[in-house]
Amino acid sequence: MMTLLLVISVLGGLVVIDLGVNFLVRKQLGRRLLKLESLLFFGLIGASVSFLFFSSVPFVPAVSLFIAGLLVYMQCKSIFSRGYSIRILLDLYSLGKPSSMEKLKNNYGQGQGVKGLLLKRFQSMASIGLLKIEGESLGPLSTLGRFCGMAGLMSRKLLGLENVG
Amino acid sequence: MIEAILGFAAVFVVHVIVWRIFPSNSPRIKLLFLVLLAGNLITTALIYYGFEQNFQRAFDVFCISVGIDAIYLYIYSGVCRSVSLTLLGQLTHTRHSMPLKDFVTDYEESDRFEDRVKVMEEAGFVSIQGNEVVLTFKGQNAARWIERISNIISGGLEG
């Protein structure tokens, strides 16, 4: 129980600090500074893991629970900032009336459309070194990008997931 | 730790067999979660009763299993839903650059967007009536909450 309580406290602290700093950065600077936010976030994770290491609870079970909670938080952050399906839901909500599938697709993301949806993904992948972008020319993939692409294709084949994503 | 890894390995084999025998483009994340949870509880129970009801050992195995399950669920959600992974997969087949418009055309001609809307229909958030997509009452409530939460977490949902 001590392990669980400690992990919940550490995770809670991390989430509050992360949300608070992100909010302040956006409010003061008026934009998202992705690199700064990422650095801070990894710093917080490092501090949390170190704290658990030097605490009196068994380290491996504690850090396993911490990782589980952290991944839940990261997934929520990802969904609520970049979620594809819930963006479609919000588009429909802001329209205030039913929409055709075609119109919904063309107006995806408050007018970005499919082009905006894909370009944003490509820009994110380029920022972490998976591929090159020059104007509207995409690729080639880096070695890491090729590895991730192959791993993704093989995983989908293994699980029988054909037309997803 | 080894018990948790072995427990997960057994569940993973069952998961792959079931997914291959009953393929679907629906992510089935809830089902996977239940399968992983069942595996976790079985492993923990086996450890508890196999080691003279040693609660601490069973709890440690449970915690490690939770960590492994969470990592797998995180990876799986990317594998089954990630648009980026789809795009990477398409670029994997070529060693050259490709124009964005090719990807846009390919994506627009596929039914990936429609599949997303159908999954939301199955979850009760929208209703597809002919060619029209209608937000249900559940969908309206969800959208309201999503807007509030995304404003707090990220200043808005970019998509």
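Predicted model: local features only at pLDDT ≥ 70, side-chain atom pairs only at ≥ 80, totals over all residues.

Residues are numbered from 1 along each chain as its sequence is written, chains are lettered from A and ligands numbered from 1 in the order in which they are written, and side-chain values use heavy atoms, with hydrogens and water left out.

**Stop 1: the interface**

Show both chains. How many residues of chain B are in contact with chain A? There are 83, and they touch 72 residues of chain A (contact means heavy atoms within 4.5 Å). The area buried between the chains is about 7,200 Å², with 68% of it from carbon and sulfur atoms; buried area here is the accessible area (1.4 Å probe) that two parts lose on being put together, summed over both.

Now select A:Lys105 and B:Glu114. They form a salt bridge, and their closest N and O atoms are 3.2 Å apart. The rule (a side-chain nitrogen of Lys or Arg within 4 Å of a carboxyl oxygen of Asp or Glu) finds one salt bridge across this interface.

Next, select helix α3 of chain B, residues 55-81. This helix gives the largest share of the side of chain B that touches chain A, namely 17 residues. Helices (H or I, at least four residues) and strands (E, at least two) are DSSP runs, numbered from the N terminus.

**Stop 2**

**Stop 2**

Select β1 of chain A, then β3 and β2 of chain B. These three strands form an open sheet in the order β1(A)-β3(B)-β2(B), with antiparallel pairing. β1(A) and β2(B) stand at the edges, each with a single partner strand, so one side of each has no neighbour in the sheet. Two strands pair if DSSP finds at least two bridges between them.

Zoom in on B:Val133 in β3(B). B:Val133 is the bridge partner of A:Ser99, and also of B:Ile128. In the hairpin of β2(B) and β3(B), two residues lie between the strands, and B:Gly130 takes a positive phi near 70°.

**Stop 4**

Finally, select β2 and β3 of chain A plus β1 of chain B. They make an open antiparallel sheet in the order β2(A)-β3(A)-β1(B). Two bridges join β3(A), residues 137-141, to β1(B). To finish, click A:Ser137, which stands opposite B:Pro99.
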